[in-house]
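Reader: I have a model open and a few things to ask about it. Can we start with how burial is defined?

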Amino acid sequence: MNDFPGLLTTATILAYWIGVGIMIVRIRRHSRAIPILAPAQPLERAMGLVWVPIVVLWIVLPWLAQTRSGGWLGLPDFTLQSLYVAARWLAAVVAVMCLVATARCWARMGKDWRMAVAVGEKTNLITDGPFRRIRHPIYAFSILLMICTLVVVPTWPMLVVAVAHITLMNVKARNEERHLLATQGDDYAQYVQRTGRFFPRQS
């Protein structure tokens, strides 16, 4: 198994979700009442049913692509072309950068990080650091990490997972914005006016 971009990307994805697990444990330690894995909001529960298989496939498919030769799960022949090999290496490096950037976001959020919308709880509004120009930098980096994964593992199953993931991230971001507008009021409305959802707002 000499697919170094594939190995690096697989390790990055695994580290990403281990990081999420660590954040969940840390928050649960602070307050057992916070609905992290069993959200109170029906929409969040419905998204969770889709989210779990996406995460599992996101972890498993890159690994399977390295162990399969051909077929839907194996890497296509065009990935051996020199230009695409370079693209896979670049995507793998960017994936690592996404992990590092996400860890910075986790560190800034600290105890205010949530896996799901916490109904009935008002968290601190964070608008500095990685959140200064983008409202959802964690989701933005997650989307970019998924795109990098698709470049490294350009298979049909991975494409389906990527489309589902990006769609879910958009739904989740909008749902959180509705919740924060209701709980944070004008402060969040003003924050929305000067920031972009996944990209910095153009001046």
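Author: Buried means under 20% relative accessible area, exposed means over 50%, and partly exposed is in between. Keep in mind that this is a predicted model.

Reader: Fine. Is Phe78 buried, exposed or partly exposed, and why?

Author: Phe78 has a relative accessible area of 36%, which lies between the 20% and 50% cut-offs, so Phe78 is partly exposed.

Reader: Which ring does Phe78 pair with?

Author: Phe78 forms an aromatic pair with Tyr84. The pair is edge-to-face, 5.1 Å centre to centre, with 90 degrees between the planes.

Reader: How many aromatic pairs are there?

Author: The count comes to seven. There is also one aromatic cluster, formed by Tyr16, Trp17, Trp51, Trp58 and Trp106.

Reader: Switching to helix 3. What is its span?

Author: Helix 3 reaches 41 Å from first to last C-alpha over 28 residues, close to the 40 Å expected. Among its buried residues are Tyr84, Arg88 and Trp106.

Reader: And what comes just after helix 3?

Author: Gly110, which takes a positive phi of about 55 degrees.

Note on methods
Residues are numbered from 1 along each chain as its sequence is written. This is a predicted model: local features need pLDDT of at least 70, side-chain atom pairs count only at pLDDT 80 or more; totals for chains, interfaces and linings use all residues. Side-chain values use heavy atoms; hydrogens and water are left out. Helices (H or I, at least four residues) and strands (E, at least two) are DSSP runs, numbered from the N terminus. The expected span of a helix is 1.5 Å times one less than its number of residues. Buried means under 20% relative accessible area, exposed over 50%, partly exposed in between (1.4 Å probe, protein chains only). Rings of Phe, Tyr and Trp (its six-membered ring) pair if their centres lie within 6.5 Å; planes under 30 degrees apart count as stacked, over 60 as edge-to-face and the rest as tilted.
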